[in-house]
Amino acid sequence: MSARVLTFGEVMLRLSPPGRELLMQTPRLDMWVGGAEANVATQLARLGMDVRFASCVPDNDLGRGVVATLRGHGVDVSGIHHAGDRIGLYFVTPGAGLRATDVLYDRAGSAFAEAPVESWNWDALLDGVSRLHLSGITPALGPLPARCALAAVEAATARGVAISFDGNWRGKLWARWGGDARAILSGIVAHVDLLFGNHRDIALLLGRDDVANDRPDSARAASEAAFAAFPRLRTIASTERRVEHVDLHHLSARIDTRDDQVQTEAVTLAGIVDRIGGGDAFAAGVLYALERGEEIADAARTGLALAVLKHSLPGDASLFRQADIDAYLAEGFDVRR
């Protein structure tokens, strides 16, 4: 596939206690490469797309190991530069039963968070690129990453590159530095043609409490409000999750355009292995389908399929191929022989 996608954001290491243990319960942590935009890049590359990832990591064993992992999945890592002293970390304590999963961040002062605006060569990074993808996690890291995210979308807009943005609200990160999330995110979304976010995300972005509730018409009302507020915006994709307990969720997908909409039936997810990265898998699936020229109904199904499959896989990244999507959609759950 010839379409080149550039994803931009922080790549980190995720550390988790084994099984369903609490953090520090035993002296062992499992480690995965993580980060929203890196996850999207990884899944797109696994599906055969030409995708480049732009980030910054230290020139040490951790940074080089992250780069090697992404390269091994087929991601073009030429947009990753080495600087700084540390890589961002985060700790995930998996939930169980009625105990929710908990996230502890240790990413202040990371190489990516301290990379200056001028360290990103957008002429080179966007060369040959048809779409830029980033998320709300980058501006949530602090005033400098927020300026870098805005510079990225401004550079893409100036070059006629399409832009997709996943809201990825991270209240703990915004609270750490007290940034004006609504103003910053609105400035970025003004450049976006494809937004990943549900009606509650849109309500937060617009300051519209009237579309934040869960009435049946709220999703469409929120989308229409977003389309009115952001003239460049053409498509909004979202999932809706209903949680009964940690191991039993119900997940559906929705895509709205200015003149159409599609809503899938909910899929019941039982025996969940790991929900982290499910939203990134959904975003990758929608991007993959739309870049291939598929209709929004097919894009919703593909995104939901990858989101569902991701719940069966430990770690942050979704690592599936087209054959896995086809099997999920067509073959059910029997053993493939």
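Here is a short chat about a predicted model, going through a few of its residues, helices and cores.

Q: Let's start with Arg254. Where is it placed?
A: Arg254 is part of strand S12, which covers residues 248–257.

Q: Is Arg254 buried or exposed?
A: Buried. Its relative accessibility is 11%, and buried means under 20%, so Arg254 falls on that side of the cut-off.

Q: Which residues does Arg254 touch, leaving out those up to four places away in sequence?
A: Among them are Ala219, Arg220, Ile236, Ala237, Ser238 and Phe282. Gln261, Val262 and Gln263 are on that list too.

Q: What about polar contacts between side chains, say with Gln261?
A: The side chains of Arg254 and Gln261 are joined by a polar contact of 3.5 Å. The Arg254 side chain also has a polar contact with the side chain of Gln263, at 3.2 Å. Then there's Asp256, whose side chain makes a polar contact of 2.6 Å with that of Arg254.

Q: OK, where does Asp256 sit?
A: Asp256 is in strand S12. With 2% relative accessibility, Asp256 counts as buried.

Q: And which residues is Asp256 in contact with, neighbours within four places aside?
A: Arg220, Ser223, Phe227, Arg234, Thr235, Ile236 and Gln261.

Q: Switching to cores. How many residues does the largest nonpolar core have?
A: It has 53 residues. Those with the most contacts inside this core are Val11, Leu44, Phe53, Leu70, Phe196 and Ile255.

Q: Which helix gives the most to this core?
A: Helix H11, residues 296–310, which puts in nine residues.

Q: What is Ile255 in contact with, again skipping neighbours within four places?
A: The list includes Thr235, Ile236, Ala237, Asp260, Gln261 and Val262. Val286, Ile296, Ala299 and Ala300 are in contact with Ile255 as well.

Q: How many residues are in the second, separate core?
A: That one has 46 residues, including Trp120, Val153, Ala155 and Ala156.

Q: Why do nonpolar side chains end up in groups like this?
A: As a general point, nonpolar side chains tend to be buried together in soluble globular proteins.

Q: New topic: at what angle do H7 and H8 pack?
A: The angle is about 110 degrees, and the axes are 8 Å apart. An angle from 65 to 115 degrees counts as roughly perpendicular, so that's how H7 and H8 are described.

Q: Which residues make the contact between H7 and H8?
A: From H7 you get Arg182, Leu185, Ser186 and Val189, and from H8 Leu204, Leu205 and Leu206. By type, the contact splits into five nonpolar, one polar and one charged.

Q: Where does Asp180 lie?
A: Asp180 is in the loop between helix H6 (171–177) and helix H7 (181–189). Asp180 is partly exposed, with a relative accessible area of 48%.

Q: How far is Asp180 from Leu205?
A: They're 25 residues apart in sequence, and 11 Å apart in space from C-alpha to C-alpha.

Notes. Residues are numbered from 1 along each chain as its sequence is written. This is a predicted model: local features need pLDDT of at least 70, side-chain atom pairs count only at pLDDT 80 or more; totals for chains, interfaces and linings use all residues. Side-chain values use heavy atoms; hydrogens and water are left out. Helices (H or I, at least four residues) and strands (E, at least two) are DSSP runs, numbered from the N terminus. Buried means under 20% relative accessible area, exposed over 50%, partly exposed in between (1.4 Å probe, protein chains only). Axes are lines fitted to C-alpha atoms, for helices over the stretch in contact, and angles run from 0 to 180 degrees between N-to-C directions. Angles under 35 degrees count as roughly parallel, over 145 as roughly antiparallel, 65 to 115 as roughly perpendicular and the rest as oblique. Contact means heavy atoms within 4.5 Å. Ala, Val, Leu, Ile, Met, Phe, Trp, Tyr, Cys and Pro count as nonpolar, Asp, Glu, Lys and Arg as charged, and the others, Gly among them, as polar. A polar contact is a pair of N or O atoms within 3.5 Å; within protein, one must be able to donate a hydrogen and the other to accept it, and residues adjacent in sequence count only if both atoms are side-chain atoms. A nonpolar core is a set of buried Ala, Val, Leu, Ile, Met, Phe, Trp, Tyr and Cys residues joined through side-chain atoms within 4.5 Å.
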